[in-house]
Amino acid sequence: MNLPDTNSSYKIKEYWDERFSEEDSFEWCKGYSDFKDLLYKHVRKVDRILMLGCGNSRLSEDMYNDGFKNITNIDYSPVVIEKMRKKCRGLAEMQWLVMDITKLTFDRSSFDVILEKATLDALLVEETDPWSLSENTWNTMDSVLSKVSCLLALNLGKFFRVKD
């Protein structure tokens with residue numbers, strides 16, 4: 001695994017492009033089997049699902065194979081999006097788009113569920129105190145979260161719900 005020299009590199013697209021060019025798959029936090037029970041409680045198979053910062057995780061692929069077909073995956077690395085498109089070309093209803101989570105272009109209420117696994121953490125890598133965020137980070141997080149009507153964040157086996 002290609003680890004950065006500093007945590008702040010997790011915010012840099014070029015770091016991810018290089019890493020994804022060398023890496024086939026990596027799971028941040030946990031895999032689908034660890035979240036499956038939570039997903040079944042909170043997500044319907046007919047829901048329109050957005051995967052923020054999908055990377056090369058198998059989560060979308062495993063969900064799709066378990067019946068969650070309407071999944072849109074975004075990542076700002078064109079390298080990983082192209083690799084995942086090729087890898088999952090047989091999963092016809094799933095989409096793979098190059099998009100920065102801080103510049104979402106979807107219409108409001110385009111999705112029923114938005115999932116992320118540690119993607120939002122990348123916005124916090126330069127913070128010196130995670131309990132006292134800078135104004136810039138607060139503004140960025142608010143902007144990202146306000147662009148969606150509901151966010152279900154997968155983090156260490158728990159769901160966090162943010163609503164308008």
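**Reading cores, helix packing and salt bridges**

Trainee: Let's start with one residue. Which residues is Ile49 in contact with, leaving aside its neighbours within four places in sequence?

Mentor: Contact here means heavy atoms within 4.5 Å. With those neighbours set aside, Ile49 touches Val43, Met63, Phe68, Asn70, Ile71, Thr72, Phe111, Val113 and Leu115. Before you go on, note that this is a predicted model, where local features need pLDDT of at least 70, side-chain atom pairs count only at pLDDT 80 or more, and totals for chains, interfaces and linings use all residues. Residues are numbered from 1 along each chain as its sequence is written, and side-chain values use heavy atoms, with hydrogens and water left out.

Trainee: How should I read a nonpolar core, and which residues have the most contacts inside the largest one?

Mentor: In soluble globular proteins, nonpolar side chains tend to be buried together. A core is a set of buried Ala, Val, Leu, Ile, Met, Phe, Trp, Tyr and Cys residues joined through side-chain atoms within 4.5 Å; buried means under 20% relative accessible area, exposed over 50%, partly exposed in between (1.4 Å probe, protein chains only). Here the largest nonpolar core has 27 residues, and Ile49 and Met63 have the most contacts inside it.

Trainee: Which elements give two or more residues to this core?

Mentor: Helices H1 (13-22), H2 (32-42), H3 (59-65) and H4 (78-87), plus strands E1 (49-52) and E4 (113-116). These are DSSP runs numbered from the N terminus (helices H or I, at least four residues; strands E, at least two). H2 gives the most, with four residues. There's also a second, separate core of ten residues, with Leu52, Ile74, Ile101 and Ile114 among them.

Trainee: And how do H1 and H4 run relative to each other, roughly parallel or antiparallel?

Mentor: Under 35 degrees counts as roughly parallel, over 145 as roughly antiparallel, 65 to 115 as roughly perpendicular and the rest as oblique. The H1 and H4 axes come within 7 Å and cross at roughly 30°, so the two helices are roughly parallel. On the H1 side, Lys13, Asp17, Phe20, Ser21 and Glu22 make the contact; on the H4 side, Pro78, Val79, Val80 and Lys83 do.

Trainee: Now salt bridges. How many does the whole structure have?

Mentor: Side chains of opposite charge can pair when their charged atoms come close. The cut-off is a side-chain nitrogen of Lys or Arg within 4 Å of a carboxyl oxygen of Asp or Glu, and the search finds ten. Take Lys13 and Asp17, paired at 2.7 Å, N to O; both sit in H1, four residues apart, about one turn of the helix. Lys13 is partly exposed at 28% relative accessible area, while Asp17 is buried at 14%.

Trainee: What does the salt bridge of Asp112 with Arg48 tie together?

Mentor: The closest N and O atoms of that pair are 2.9 Å apart. Asp112 lies in the loop between strand E3 (95-98) and E4, and Arg48 in the loop between H2 and E1, so the pair ties together parts that are 64 residues apart in sequence. Asp112 is partly exposed at 28%, and Arg48 is partly exposed at 30%.

Trainee: Which residues do salt bridges that share partners join into one network?

Mentor: Start with Arg58 and Asp62, whose side chains meet at 2.8 Å, N to O. Shared partners then link Arg58, Glu61, Asp62 and Lys87 into one network.

Methods. Axes are lines fitted to C-alpha atoms, for helices over the stretch in contact, and angles run from 0 to 180 degrees between N-to-C directions.
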